[in-house]
Amino acid sequence: MPADAADRQRRAAERRLLAALRRFHRRQPLTHDIRTDALLALVREEDAAPRPPSHRGAGPLLLDDDELRAVVDDLVERGELERSGRRVRLAGQGPRLDAAMRERIDRLLEGLRDAGFEPPRVEAVASRLGVPPALVDGLRRSGHLVSVAPGIDYPREVWQELRARMVRLAQHGPLTIPRVRHELRTSRRYAEAVLDAARREDDRHGPRPRRPGGHDRPR
């Protein structure tokens, strides 16, 4: 590639990387940074989207991933991006929530914690407190909320306590819905959601206990 064309490609890559990061931070205000490979995927996805011929960024990016990472390195060196391990963010980027919204989110999480193992539907509580759906999604993506089933979300600390209980319970026999329900003092709906979510995590991280008879769900 001629030197002038390569220079144009690098400048275009810088613009698109910075623009993709600005959009990411706007959409996920509770998430401070993003993995570099995920950022490159965002740029590739947006690069594939159709643009008007007159658009400044209409031309395709011809740089490969290694070359794009080199552009990220340059942006970090110039101080436009900040890096932590494999993750990057715009320089000076932090949570962009005003004090009132932060207080609402704190009240939302505290209310869910106080509800114990049978929390109300988070969307209903969020609506009452004035927390928009986009921020509820952000709480899930950032790990502050763990969604175990439609309509059932636990604050991270509550879910960690539930997982610890599942581990202890499994040491004394097979995990079944009746045993989980008795342990947590919850309805069958919550017990089943917790057990299924715990098993999905076990599937990702190692072997999981099974119900008697080898079935995942009693019939």
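In this predicted model, helix H6, which spans residues 133-141, has as its buried residues Leu135, Val136, Gly138 and Leu139. Because these residues cover an arc of only 155° around the axis, they are placed on the same side of H6. The partners against which the buried residues of H6 pack are helix H4 (99-114), helix H5 (122-129) and strand S4. Just after H6 comes Gly143, whose phi is positive, at about 90°.

From here the reader can turn to S4 and its partner. Strands S4 and S5 pair in the antiparallel sense, over four bridges, and one of the pairings joins Ser147 to Asp153, its bridge partner in S5. The hairpin formed by S4 and S5 has two residues between the strands, and in this hairpin Gly151 takes a positive phi near 85°. Within S5, Ile152 and Tyr154 point one way while Asp153 and Pro155 point the other way, although all of them are buried. In a regular strand, side chains alternate between the two faces of the sheet.

In soluble globular proteins, nonpolar side chains tend to be buried together.

What is Trp159 in contact with, leaving aside its neighbours within four places in sequence? Trp159 is then in contact with Val146, Val148, Tyr154, Val194, Ala197, Ala198 and Glu201.

The protein has nine helices and five strands, and from the N terminus on its elements run α-β-α-α-β-β-α-α-α-β-β-α-α-α. Among the contacts with a separation of 6 or more, 55% are between residues 24 or more positions apart. Of the 219 residues in the protein, 41% are buried, while the protein exposes about 12600 Å², of which carbon and sulfur atoms supply 50%.

Notes:
Residues numbered from 1 in each chain as written. Predicted model: local features only at pLDDT ≥ 70, side-chain atom pairs only at ≥ 80, totals over all residues. Heavy atoms only, no water. Contact = heavy atoms within 4.5 Å. Buried < 20%, exposed > 50% of the residue type's maximum accessible area, 1.4 Å probe, protein only. Areas by Shrake-Rupley, 256 points an atom, 1.4 Å probe, with all protein chains shown as cover. Pairing = 2+ DSSP bridges. Arc of directions from axis to C-beta.
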